[in-house]
There are 2 protein chains.
Amino acid sequence: MHFEAALPLQSGASIRGYDVAYETYGQLNAAKSNAVLICHALNASHHVAGVYEGKDKSEGWWDNMIGPGKPVDTNHFFVIGVNNLGSCFGSTGPMHKNPDTGEIYGADFPVVTVEDWVNAQARLLDAMGIEKLVVMGGSLGGMQALSWTLQYPERVTHAVVVASAPNLNAENIAFNEVARRAIATDPDFHGGHFYRHGVVPKRGLRIARMIGHITYLSDDVMNEKFGRLLRDGVDLKYSTQEVEFQIESYLRYQGDKFAEYFDANTYLLITRALDYFDPAKKFGGNLSAALADATAKFLLVSFTTDWRFSPARSREIVRALLDNGRDVSYAEIDAPHGHDAFLLDDSRYMNAVRSYFESIQRSLDDGQ
Amino acid sequence: MHFEAALPLQSGASIRGYDVAYETYGQLNAAKSNAVLICHALNASHHVAGVYEGKDKSEGWWDNMIGPGKPVDTNHFFVIGVNNLGSCFGSTGPMHKNPDTGEIYGADFPVVTVEDWVNAQARLLDAMGIEKLVVMGGSLGGMQALSWTLQYPERVTHAVVVASAPNLNAENIAFNEVARRAIATDPDFHGGHFYRHGVVPKRGLRIARMIGHITYLSDDVMNEKFGRLLRDGVDLKYSTQEVEFQIESYLRYQGDKFAEYFDANTYLLITRALDYFDPAKKFGGNLSAALADATAKFLLVSFTTDWRFSPARSREIVRALLDNGRDVSYAEIDAPHGHDAFLLDDSRYMNAVRSYFESIQRSLDDGQ
């Protein structure tokens, strides 16, 4: 959907003449009361479920969660997947032309925040004539769901916040910063204007992705999947540059793949949006005060081995909501997979989300 | 000390005509029974204690631990600090000439292992006429101490293994690999032969060091020291490339400093030595079987918030030694500082080491 009017951004800048890519699944009911907005995390998109015609391997990133008969059942709900501004998967981003200058944005793409994304999503829903909705997301997507309940409290009936946090801690920011430095110091980055040089800072993107993958997995699952296994048999090569261990091979593969399709400026923008999100900041760090306006009902889910957004961070949100007397459900899932667990099949996790959406559906049926 | 004769290496290669840098503190007694060898970790050297004349800020890296009246009391013990082969602090390394070719080694410096270092250290002690010794080290240094007890069981009376592990786990290897890739893919690395191009792969070294620093600190101490503090006041800059948070400033500073003095090939070699160390490998992963030859008495120390070499890894060693009926003391120190704790002052830690060395001293006095 194209938006001509300028969207004011938190930084004071604005962006105009932009596109927002989205997909929908299921049918919007006559009362327009069954919409579920899905917010994406770092490297995902609006393609949350299903496969594209003729493309077998094109499953949406949350296809195990969303679809007919799935926990978020598109036989009952109208699901909207949205791609955020600054992304490289369809919505306007740094690789597109700035209508004011006719030049590719590059590093001049404005810094966008979680709050800005939510405002852009709200405009999309306005254009679709949807007033009330359920918002759901994992990780950075969970931050957007939480922010919806603060920016548009009257519109959000339920928020589902999975594997998320009320802000990044110092270690989270540190990992983001190393990834950003790897990208920004790659000679092919050209200060963010690499498009005009016909190159891509692949070295930096590879490093960024390798760091990311370490933080997505738990120590346990890494040891189980890779341990100290050598890639080629049992004999050591005694080499510092060749691949020796399976884990090295896995990380290099993930890094190479990512560098082929992801945009370097998008990576900087999205990690910065993560860094900046901190609804408690203007309340002197008091999260309970910050969440006082959130009148939605909440489901929070966390995973025991997630050390990127640990259960303790979800519990902070739960506690702050309870301080405000809100309706909160919380599931802490004992899963081995670390942060990645939010994307994986786990029957307890899937069942928790399924029951929650069934209860939402019952309340819709009851006309509540 | 110069060694002309070739040292056979685990890889099958050998190195000849090399230097080993070392320092000593205190006096070797007549019986030559009071020697303590200190093995260093990643970026340290033979300069373990004291300051150089006229250089105020030149404290050795374990100066809080070693010296007159300190836990390892040089009024009683003869302490030897040794720099490992491949290092960039005095012993022969990749930046030196290969006597066989007359060329700077660069990437052709042979891969050295913990076992190779121990063999080189043993030669140094042979040359000094020292047969029996105490070996002590932290982190990678602890691996050397452990390896001493397996390679030269009859020579080691006591081994002090601090914040170490019987091998790296997949996550440890993963962090090393990302750091290595950052260095090896820096265009200034030139396949390890950057010396002849008059450049230094500083971008890669910076990233490597930033990653290292994240893993040295605990989550808690990072939050306490840096949290979400902004470097310049309270207003956000809304920038992806400028420093915004204190933690970013800290990491960039550490990275810049490191890139000025550390050698890129040394970084690859030392992280590889860490990856390769695994005494249980030839016993099918059975650490108890692997440590059966270790007849030394042991002190192991770990730190509760060390997530790089967690207490669980030290306990594996303790258990394997107990399986063999060895004399083992173990102190698990409740310290907030993460892996870095092994270099910091903590009275319980310092007292544990002090008492252990006092007991060694009493056994020396008793002529045992």
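## An enclosed strand in chain A

Five of the five residues of β9(A) are buried, so this strand is largely enclosed by the rest of the structure. Here, buried means under 20% relative accessible area, exposed over 50%, and partly exposed in between, using a 1.4 Å probe on protein chains only. Helices (H or I, at least four residues) and strands (E, at least two) are DSSP runs, numbered from the N terminus. A:F78, A:I80 and A:V82 point one way from β9(A), while A:V79 and A:G81 point the other way, and all are buried.

This is a predicted model: local features need pLDDT of at least 70 and side-chain atom pairs count only at pLDDT 80 or more, whereas totals for chains, interfaces and linings use all residues. Residues are numbered from 1 along each chain as its sequence is written, chains are lettered from A and ligands numbered from 1 in the order in which they are written, and side-chain values use heavy atoms, with hydrogens and water left out.

## The partners of β9(A)

Strands of a sheet pair through backbone hydrogen bonds, either parallel or antiparallel. Two strands count as paired if DSSP finds at least two bridges between them. In chain A, β5 and β9 (residues 78-82) run antiparallel and are joined by four bridges. A:Y22 has A:V82 as its bridge partner in β9(A), and A:Y25 has A:V79.

Strand β6 (residues 35-39) of chain A is also joined to β9(A) by four bridges, but these two run parallel. Here A:A35 is partnered with A:F78. Back on β5 (residues 22-25) of chain A, the covered face holds A:E23 and A:Y25, and the uncovered face holds A:Y22 and A:T24.

## The sheet of chain B

Chain B has an open sheet of seven strands with mixed pairing, in the order β5-β9-β6-β10-β11-β12-β13. Its edge strands, each pairing on one side only, are β5 (22-25) and β13 (328-333). From one strand to the next, the twist averages 15°. Axes are lines fitted to C-alpha atoms, for helices over the stretch in contact, and angles run from 0 to 180 degrees between N-to-C directions.

Four bridges link β5(B) with the antiparallel strand β9 (residues 78-82) of chain B, and B:E23 has B:G81 as its bridge partner there. Helix α10 (residues 347-365) of chain B packs on the sheet, touching β6, β10, β11, β12 and β13 of chain B, and its direction makes about 175° with that of β12(B). Contact means heavy atoms within 4.5 Å. Helix α2 (residues 140-151) of chain B lies across β6, β10, β11 and β12 of chain B, at about 150° to β10(B).

## The largest pocket

The largest pocket has a volume of about 890 Å³. On a 1 Å grid over the protein atoms alone, a cavity is a set of points where a 1.4 Å probe fits but cannot get out, and a pocket is an open set with protein on both sides within 12 Å along at least five of seven lines; lining residues have an atom within 4 Å of a point. Grid points are joined across faces, edges and corners, and a volume is the space filled by probe spheres set on the points.

Of the 34 lining residues, B:N43, B:W61, B:R209, B:D340 and B:L343 lie nearest the centre of this pocket. The helix α6(B) gives the most to the lining, with five residues.
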